[in-house]
Amino acid sequence: MEAVPTAALWVLTVLRLPTALDAHRGSVFRATILAAIACTLYVPAVYYTVDPLLGGHNRVGLVTLLSLLLGFWQFRTAILLAAVTDTEVQRRQLVLGRFAAAAVCTTVTAGFLASRVDGTDPNLPLTYADQPGMAVFLWTGSAFIMWVCLDIARVCRSNVPHMHAPAFRSAFSLIAAGCVLFALVLLDRLIYGAVIAAEGADSQTAAALTGFYWIGETAAVLLVSLGLLLPRIAGRLRQGIFALRARLLLMQIKPIWSDVTSCQRELVLQDHRPALLVFFSRHAETQLHRHLVEILDCELASPLARERLNEHHLSVVERAELLLESRSTPHLPR
């Protein structure tokens with residue numbers, strides 16, 4: 001089951017790679033790559049392989065948790081930058097996040113160093129739960145991640161009603177749902193530790209909690225990943241629909257253009273392609289814009305050109321104008 005969320009995070013990391021150095025969108029990339037590293041290291045086979053390379057003593061467990069904590073901090077930063085428009089509120093929340101992340105990373109590191117964890121074990125907090133340092137390691141890290149998840153859900157819930165683009169509303173709703181589910185998964189692990197201490201790992205309650213953990217973790221990662229990808233998917237879909245409409249209108253306007261400009265060739269650039277072939281033009285939007293401008297130029301140069309346009313022709317010209325105007329309307333940043 002670890003493979004699904006791990007693979008999803010690495011795919012998302014690769015897709016976000018072009019934004020790695022972006023001042024406003026780089027936080028998402030940093031969040032995904034840190035989370036992907038944490039999930040990869042948590043895979044038992046990887047954990048047992050990497051730990052000796054770091055000197056043993058479960059140091060890979062510390063690296064895993066620190067990567068996860070920093071990833072969640074960066075994810076909260078990304079959500080605040082994307083959703084909160086009040087710059088003063090945004091600044092205060094970002095400062096709070098930096099202080100909280102620094103304090104928690106310092107605390108979990110101190111708790112780890114204060115513990116004796118010689119035997120390599122991916123279930124580090126549970127195996128050594130009787131040590132005070134491990135209790136600090138587990139509870140501090142869990143509390144921080146739960147706070148981040150619930151705070152992200154709060155920010156999304158507060159700002160979704162003010163978003164005009166349906167894709168952004170849906171994306172932030174998915175992210176909020178994924179964060180709430182992830183908080184429940186962490187709560188599940190905390191309860192699981194108490195249950196196995198009281199009833200043993202073979203109890204029905206422990207089995208049910210484990211089942212919810214694997215399903216919940218996978219669903220949470222997929223919901224958040226889909227939420228992060230949705231604006232980009234919607235943008236690509238919107239571009240595809242625009243390109244198709246532009247090509248169809250180009251086919252319709254080509255005969256009109258030929259008719260209107262037939263007596264004023266000095267005003268136009270020659271284009272001998274049949275109307276059917278213009279559908280496959282490499283730059284359909286540019287071609288449509290040129291044809292439209294040349295039709296209008298011919299209308300201004302000669303009243304006779306206007307007479308060549310019937311109601312159907314005027315309707316096609318108007319639709320082309322509206323389509324090109326919609327292209328110039330600014331969209332929300334992705």
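Phe144 and Trp147 are separated by about one helical turn because they lie three residues apart in helix H7, where helices are DSSP runs of H or I of at least four residues, numbered from the N terminus. The model is predicted, so that local features need pLDDT of at least 70 and side-chain atom pairs count only at pLDDT 80 or more, whereas totals for chains, interfaces and linings use all residues. Residues are numbered from 1 along each chain as its sequence is written, and side-chain values use heavy atoms, with hydrogens and water left out.

A search of the whole structure finds five aromatic pairs (ring centres of Phe, Tyr or the six-membered ring of Trp within 6.5 Å; planes under 30 degrees apart are stacked, over 60 edge-to-face, the rest tilted). Among them, Phe72 and Phe182 form a tilted pair, 5.1 Å centre to centre with 50° between the planes, which links helix H4 to helix H8 across 110 residues. Both Phe72 and Phe182 are buried (under 20% relative accessible area, with exposed over 50% and partly exposed in between, for a 1.4 Å probe and protein chains only). Phe144 and Trp147 are also tilted, at 5.9 Å and 45°; Phe144 is buried, with a relative accessible area of 5%, while Trp147, at 30%, is partly exposed.

Leaving aside neighbours within four places in sequence, Ile145 is in contact (heavy atoms within 4.5 Å) with Leu68, Leu69, Phe72, Phe182 and Leu186. Phe212, found in helix H9 (residues 204-260), counts as partly exposed because its relative accessibility is 34%.

Definitions and conventions:
Helix = DSSP H or I, 4+ residues; strand = E, 2+ residues; numbered from the N terminus.
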